[in-house]
Amino acid sequence: MGATWKTKWGVRRVRRENPTIEEALVAAESLAEDPAQRAEIAASLMGLPVEEVKVLAAKHAARTRGRASLVAGRTRAVVVEYKRPRTVRPTISFSRKR
């Protein structure tokens, strides 16, 4: 599930789960203008095929009727984490004698 640790306010846990279609589309809205790119971003966040997300996005767009999805007072926050790939950098030796 997630990591658990104790703080002075009690035990804290982190839940790690895939976002819902609405959450993924809200996150994708701020990253891309093109609906096809939004569907690709949402698909990668949810771990679903792009075609399936396009169908779900069309249904979601029909429900919202073109209104912006970013609404104040949401009950859950959407957090998109980007983990940079680890790269190996060559080390420079400063101990070489001249």
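Start by selecting Ile21, Ala24, Leu25, Ala39, Ala42, Ala43, Met46, Val53 and Ala57: these nine residues are the largest nonpolar core. A nonpolar core here is a set of buried Ala, Val, Leu, Ile, Met, Phe, Trp, Tyr and Cys residues joined through side-chain atoms within 4.5 Å; buried means under 20% relative accessible area, exposed over 50%, and partly exposed in between, with a 1.4 Å probe and protein chains only. Colour by element and you'll find that helix 1 (21-29), helix 2 (35-46) and helix 3 (50-64) each give two or more residues to this core. Helix 2 hands over the largest share, four residues. As a general rule, nonpolar side chains in soluble globular proteins tend to be buried together.

Before going on, some housekeeping. This is a predicted model, where local features need pLDDT of at least 70, side-chain atom pairs count only at pLDDT 80 or more, and totals for chains, interfaces and linings use all residues. Residues are numbered from 1 along each chain as its sequence is written, and side-chain values use heavy atoms, with hydrogens and water left out.

Now colour by pLDDT, the predictor's confidence in each residue from 0 to 100. The average for the protein is 77, and 74% of the residues score at least 70. Among the elements, helix 2 has the highest confidence, at a mean of 89, and helix 3 the lowest, at 82.

Switch to cartoon. There are three helices and two strands, in the order β-β-α-α-α along the sequence. Both kinds of element are DSSP runs numbered from the N terminus: helices are H or I with at least four residues, strands are E with at least two.

Next, select helix 1. Is helix 1 mostly covered or mostly open? Mostly covered, with seven of its nine residues buried: Ile21, Glu23, Ala24, Leu25, Val26, Ala27 and Ala28. Zoom in on Ile21 and skip its neighbours within four places in sequence; what's left in contact (heavy atoms within 4.5 Å) is Met46, Val53 and Leu56.

Slide along to Pro49, in the loop between helix 2 and helix 3. Pro49 counts as partly exposed because its relative accessible area is 43%.

Now hop to the strands. Strand 1 (residues 4-7) holds Thr4, and strand 2 covers residues 10-13, pairing with strand 1 in the antiparallel sense over four bridges. Pairing requires at least two DSSP bridges between the strands. Together they form a hairpin with two residues between the strands. Pick Trp5 and look across to its bridge partner in strand 2, Arg12. Then pick Thr4: beyond its neighbours within four places in sequence, it is in contact with Val11, Arg12 and Arg13.

Buried residues make up 17% of the 98 residues. The accessible surface comes to about 8,900 Å², with 54% belonging to carbon and sulfur atoms, as computed by the Shrake-Rupley method with a 1.4 Å probe, where for residues only the protein chains shown count as cover.
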